[in-house]
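Let's walk through this fold together, one piece of packing at a time. Keep the viewer open and turn the model as you read.

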Amino acid sequence: MQEKIFSIEDDSQFEEVALEVFDYQIAHNKIYAQYATKLLKGERPCNIYEIPFLPISFFKSEQVICQKRAVEKIFLSSGTTGLQSKHLISDISIYEKSYIKSFELFYGNVTQYCILSLLPNYREREGSSLIYMVDDLISKSKHAKSGFYLNNYKQLAETIKDLENSGQKTIIFGVSFALLDLAKKFPQKLKNTIIIETGGTKGGRKELIKEELHESLKSAFHLERIHSEYGMTEL
């Protein structure tokens with residue numbers, strides 16, 4: 001099944017595999033099976049649009065994992081809206097393979113880049129899947145200046161400037177409010193740097209729609225576009 005998932009090349013294959021995954025979950029995931037079977041009244045979906053999605057609340061109150069699978073890793077939601085959701089991982093290598101293949105699809109080999117992280121509120125708590133991914137990308141980049149910068153805006157700005165001057169391809173993963181602070185305090189023209197905003201303004205300050213956020217960052221850093229990376233524990 002894993003080989004099939006990572007070999008999908010078109011919409012038709014995606015639908016075929018998605019329905020196979022549905023069958024697997026019905027057979028092995030007790031919580032999902034109870035919910036989906038009741039909703040579908042025992043019928044099998046005919047297409048991907050009929051596959052029921054498990055409500056987020058279940059990830060706060062239930063152990064959502066296939067039976068007889070050991071828990072290797074637990075990812076936690078931020079908890080800004082109350083109880084934390086839990087994502088129980090039985091094979092962390094699948095998660096790693098997923099983001100590495102996605103990264104390579106859009107950006108190429110990670111060793112070509114210096115990876116910088118501006119994710120203060122995520123770094124300061126346990127169980128973040130985003131931190132797990134960025135930490136691994138930093139390690140795999142093998143660049144001496146790759147790393148987490150937390151609230152060190154001045155040091156980060158100087159590092160970016162040095163990397164720009166040397167022509168080094170760079171990617172900055174940043175939570176929205178921290179990127180806005182960096183843009184306000186240390187604007188500069190970027191030519192070799194990609195900014196990937198990861199959302200994350202909940203509870204921090206006034207919410208901005210994505211278009212407003214991107215316009216502010218594009219203006220401060222003289223970029224044509226800002227990239228986005230969104231995820232959630234429940235997915």
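Start with helix α9 (residues 176–185) and helix α10 (residues 210–221), whose axes come within 9 Å and cross at roughly 30 degrees. Axes here are lines fitted to C-alpha atoms, for helices over the stretch in contact, with angles running from 0 to 180 degrees between N-to-C directions. Helices (H or I, at least four residues) and strands (E, at least two) are DSSP runs, numbered from the N terminus. The crossing of α9 and α10 is left-handed, a label used when the near helix is turned anticlockwise from the far one by less than a right angle (clockwise would be right-handed). On the α9 side, the contact is made by S176, L179, L180, L182 and A183, and α10 brings in L213, S216, L217, A220 and F221. Contact means heavy atoms within 4.5 Å. Sort those residues by type and you get eight nonpolar, two polar and no charged. For that count, Ala, Val, Leu, Ile, Met, Phe, Trp, Tyr, Cys and Pro are nonpolar, Asp, Glu, Lys and Arg are charged, and the others, Gly among them, are polar.

A word on what you're looking at: this is a predicted model, so local features need pLDDT of at least 70 and side-chain atom pairs count only at pLDDT 80 or more, while totals for chains, interfaces and linings use all residues. Residues are numbered from 1 along each chain as its sequence is written, and side-chain values use heavy atoms, with hydrogens and water left out.

Now for the sheet. Five strands make an open sheet in the order β4-β3-β5-β6-β7, with parallel pairing; two strands pair if DSSP finds at least two bridges between them. At the edges sit β4 (147–148) and β7 (227–228), each pairing on one side only. And what packs on the sheet, touching β6 (193–197) and β7? That's α10, whose direction makes about 155 degrees with that of β6. Further in, β3 and strand β5 (residues 170–174) run parallel and are joined by five bridges, with L118 standing opposite G174 in β5. Five bridges also join β5 to β6, again running parallel, and there I172 stands opposite I195 in β6. Strand β6 is mostly covered, with four of its five residues buried. Buried means under 20% relative accessible area, exposed over 50%, and partly exposed in between (1.4 Å probe, protein chains only).

Next, the aromatics. A search of the whole structure turns up eight aromatic pairs. Rings of Phe, Tyr and Trp (its six-membered ring) pair if their centres lie within 6.5 Å; planes under 30 degrees apart count as stacked, over 60 as edge-to-face and the rest as tilted. One of the pairs is Y95 with Y132, tilted, at 6.1 Å centre to centre and 55 degrees between the planes. Y95 lies in helix α5 (residues 92–107) and Y132 in helix α7 (residues 129–141), so the pair ties together parts that are 37 residues apart in sequence. Y95 is partly exposed at 23% relative accessible area, and Y132 is partly exposed at 23% as well. For F103 and Y113, the ring centres are 5.8 Å apart and the planes are at 85 degrees, so this pair is edge-to-face. F103 is in helix α5 and Y113 in the loop between α5 and β3 (114–118), 10 residues apart. F103 is buried at 6%, and Y113 is buried at 5%. There is also an aromatic cluster, formed by F75, Y95, Y99 and Y132.

Is S128 buried or exposed? Buried, with a relative accessible area of 7%. Leaving aside neighbours within four places in sequence, S128 is in contact with F75, L76 and Y122.

Finally, look at helix α3 (residues 30–40), where I31, Y32, A33, A36 and L40 are buried. The buried residues of α3 pack against α2 (11–28) and α4 (58–61). Just after α3, K41 takes a positive phi of about 55 degrees.
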